[in-house]
Amino acid sequence: MMPRFLVRANILMYCVLGVFTAKGQAHKVDSLRALILNADDTVKIKGLISLSMAYQNSDLDSALYYAERCLHEAEALGHKESLGDALINLGRLKRDKGQYDVALEYIFKSLNIYKELSDSVRIGNAINDISIVYGYSGDWEKALQYFTEALHMFQKVNDLKGEAQALNNIGLVYLQYFDDLEKAEEYFLKSLEIKQARGDKKDLGTAYGNLGKIMEENKQYDRALDYYRIAGNLYIEVNNDIFLIENRLDIANVYLQTGKLHQAYDTARVALDLAIKTHSNIALENASNTLMRIAELQGDYEKAYAYLKLNTDARDSLLRENNNQHLEELKQQYNAEDRENQIKLLQKDKQIQQANLRQKDILTYALISVIILVLIILLLVYWAYQSNKNKKDVLAFKNAKIQLQKENLLRMNKGKDQLFSIISHDIKSPLNSLKGFSNLLVNNIDMLSKEDIQQMGGKINHSLNNLSELLDNLLAWSIRQTKTQKLELVKVDINDLITKNIELYTLTAASKKITLSDYSESDLMALADINSIHTVIRNLIGNAIKFSYPDGEIKIRAFNYGDKVKVSVIDNGVGMSQEYIDRLFDLGHKDSQAGTSNEKGSGLGLILCQELIKDNNGEFHVHSELEKGSTFSFTLPRFTED
């Protein structure tokens with residue numbers, strides 16, 4: 001569980017923002033947006049900081065968006081006080097995202113600016129925030145050092161709010177690092193005394209939550225629950241979802257320790273829903289971990305596995321910006337599967353050795369018995385020889401079969417991993433784009449020009465087209481892999497299919513000023529599955545548009561070719577090297593290139609085309625040269641009336 005450090009906002013921010021409550025937050029957000037539109041530079045910067053803070057505990061992505069806008073405005077203005085406020089606000093948000101190195105960089109920059117300004121209150125805030133980041137990252141000794149320095153600074157300037165928070169955070173360090181409950185309680189009570197005098201509900205919630213932790217550590221669970229519930233009600237009043245998540249997880253943990261699994265699950269589930277709402281990967285990781293433990297204790301291993309997967313995804317999201325953790329996990333999975341197959345082979349080898357030992361025993365006993373009954377010995381030897389031969393043949397056959405199965409499994413796992421990568425990346429990418437643009441449209445419609453809205457609409461339409469194309473290919477791929485739909489080989493009018501697909505892509509081609517031309521012979525009939533061939537032609541024309549330059553021409557040429565029908569899609573676009581063509585149909589080594597307008601592709605379409613043509617008793621060919629264009633061709637059996 002992450003410590004409940006209280007992030008202290010700059011006093012000037014509160015002057016602009018006021019106290020946001022669940023009832024009045026929407027109205028104040030609208031007021032701030034209106035203020036930003038009409039304000040001068042310094043007031044506009046303060047308004048952006050306040051708007052960022054309004055989203056801090058409910059939507060981190062929106063909070064980061066306004067914080068980054070604020071930083072750019074402050075840098076352009078060159079006003080040091082505003083720049084320091086923008087940096088410390090952005091540092092706090094990066095901390096809540098789990099990016100501790102980046103957070104420290106921003107907050108230390110703000111501290112240097114405040115020292116230049118000799119602003120004691122802001123210096124105390126920055127030192128306090130630095131301490132919080134060190135605590136979150138697990139460097140407790142550094143955290144205690146800076147918290148103590150912040151406490152002295154706040155006491156020096158008689159800042160009661162800062163003093164109360166510093167006392168609270170020092171108590172947390174003694175609780176969670178030094179395990180000194182008595183010392184922790186001493187600091188918490190000092191902090192609570194100041195907060196009660198000030199009547200700050202947010203700070204009071206933190207104080208009661210920490211006292212609940214003390215009671216929990218002392219196994220006084222009823223008192224712990226009382227404190228946690230008081231804290232939770234205070235967080236609800238001030239609309240602080242981030243702190244409410246940790247509060248609900250604390251309550252769930254108490255229920256867990258007292259054996260009340262049902263109450264623990266319901267409470268932790270509330271925390272998970274809030275974590276999803278706030279887009280906080282840290283909170284999502286903590287909530288899913290607690291739910292996984294509860295499900296294990298309830299014996300519901302299917303649910304425990306689901307929460308384990310959610311926990312892993314949240315943890316991976318935190319690490320993805322700094323390392324290649326996802327790739328390492330896939331490698332480890334592959335190595336584990338490979339080791340498992342090697343163990344199976346070793347077990348088979350051991351069985352062979354044991355069989356050979358048994359044969360030697362039989363021969364030994366037979367030789368010992370030769371004196372007694374020669375005829376029986378000869379019969380036994382003959383029987384042993386035949387038995388051993390059969391066993392060797394059977395084992396050799398099984399080993400060959402296992403080796404083949406191993407190769408097939410490796411190939412299938414390789415394809416499966418790449419396919420999952422395509423699904424997770426190429427579906428998630430357009431969905432994230434859609435989410436981002438729709439969020440900007442909803443929250444900033446009054447600040448966007450008509451041209452901005454048209455541009456975003458075009459990008460949304462482009463993302464939807466990419467997503468639709470990928471889903472069509474994934475559907476066709478899954479149908480082929482699972483064999484849920486058999487091919488129906490019938491008479492197919494190739495000219496009609498080409499015409500329909502040209503009509504389908506006319507608008508897309510026109511957007512890039514590309515001409516689609518049909519140079520096909522008439523009356524072309526093939527024996528094939530119509531849905532498969534429609535998918536192939538659609539993919540080839542779509543690819544040709546993607547990699548053609550504006551004002552280019554794409555030619556579709558079909559004609560009778562002996563007892564076959566041949567169809568070619570020819571473009572004069574970017575083309576491909578022979579090295580790239582050699583990797584084109586290997587799902588395990590895809591490095592799909594972007595189109596001439598930076599269109600994204602999964603690389604799945606061409607592989608699907610090749611396999612569908614093969615299923616329809618045809619052949620698939622590629623010819624291409626860099627910067628000269630590409631020709632994709634396939635043949636199908638001609639339809640005859642015989």
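# Briefing on a predicted protein model

The protein chain holds 23 helices and seven strands. Please keep in mind that this is a predicted model. Of the 642 residues in the protein chain, 46% are buried. Among contacts in the protein chain with a separation of 6 or more, 68% are between residues 24 or more positions apart.

**Cysteines**

- If you are wondering about disulfides, a search of the whole structure turns up zero.
- Cys70 has a relative accessibility of 1%, so it counts as buried, because the cut-off for buried is under 20%.
- Cys609 is buried too, with a relative accessible area of 1%.

- You will find Ser624 in strand β6, which spans residues 619–625.
- With 9% relative accessibility, Ser624 counts as buried.
- The side chain of Ser624 has a polar atom 2.7 Å from the backbone nitrogen of Met576.
- A polar atom of the Ser624 side chain also lies 3.1 Å from the backbone oxygen of Gly629.
- Setting aside neighbours within four places in sequence, Ser624 is in contact with Gly575, Met576, Ile581, Gly629 and Ser630.

**Helices α5 and α7**

- Two packed helices are described by the angle between their axes and the distance between the axes.
- For helix α5 (residues 80–96) and helix α7 (residues 120–136), the axes come within 11 Å and cross at roughly 20°.
- That crossing makes α5 roughly parallel to α7, because angles under 35 degrees count as roughly parallel.
- The crossing of α5 and α7 is left-handed.
- On the α5 side, the residues that meet α7 are Glu81, Asp85, Ile88, Arg92 and Arg95.
- Their partners in α7 are Arg122, Asn125, Ala126, Asp129, Ile132, Val133 and Tyr136.

- Ala314 sits in helix α16, which covers residues 301–319.
- Ala314 is buried, and its relative accessible area is 2%.
- Although Ala314 and Asn281 are 33 residues apart along the chain, their C-alpha atoms are separated by 5.2 Å.
- Leaving out neighbours within four places in sequence, Ala314 is in contact with Asn281, Leu284 and Glu285.

Note on methods: Residues numbered from 1 in each chain as written. Predicted model: local features only at pLDDT ≥ 70, side-chain atom pairs only at ≥ 80, totals over all residues. Heavy atoms only, no water. Disulfide = S-S within 2.5 Å. Buried < 20%, exposed > 50% of the residue type's maximum accessible area, 1.4 Å probe, protein only. Helix = DSSP H or I, 4+ residues; strand = E, 2+ residues; numbered from the N terminus. Polar contact = N/O pair within 3.5 Å; in protein donor to acceptor, adjacent residues only side chain to side chain. Contact = heavy atoms within 4.5 Å. Axes fitted to C-alpha atoms, helices over the stretch in contact; angles between N-to-C directions. Parallel < 35°, antiparallel > 145°, perpendicular 65-115°, else oblique. Left-handed = near helix turned anticlockwise from the far one by under 90°.
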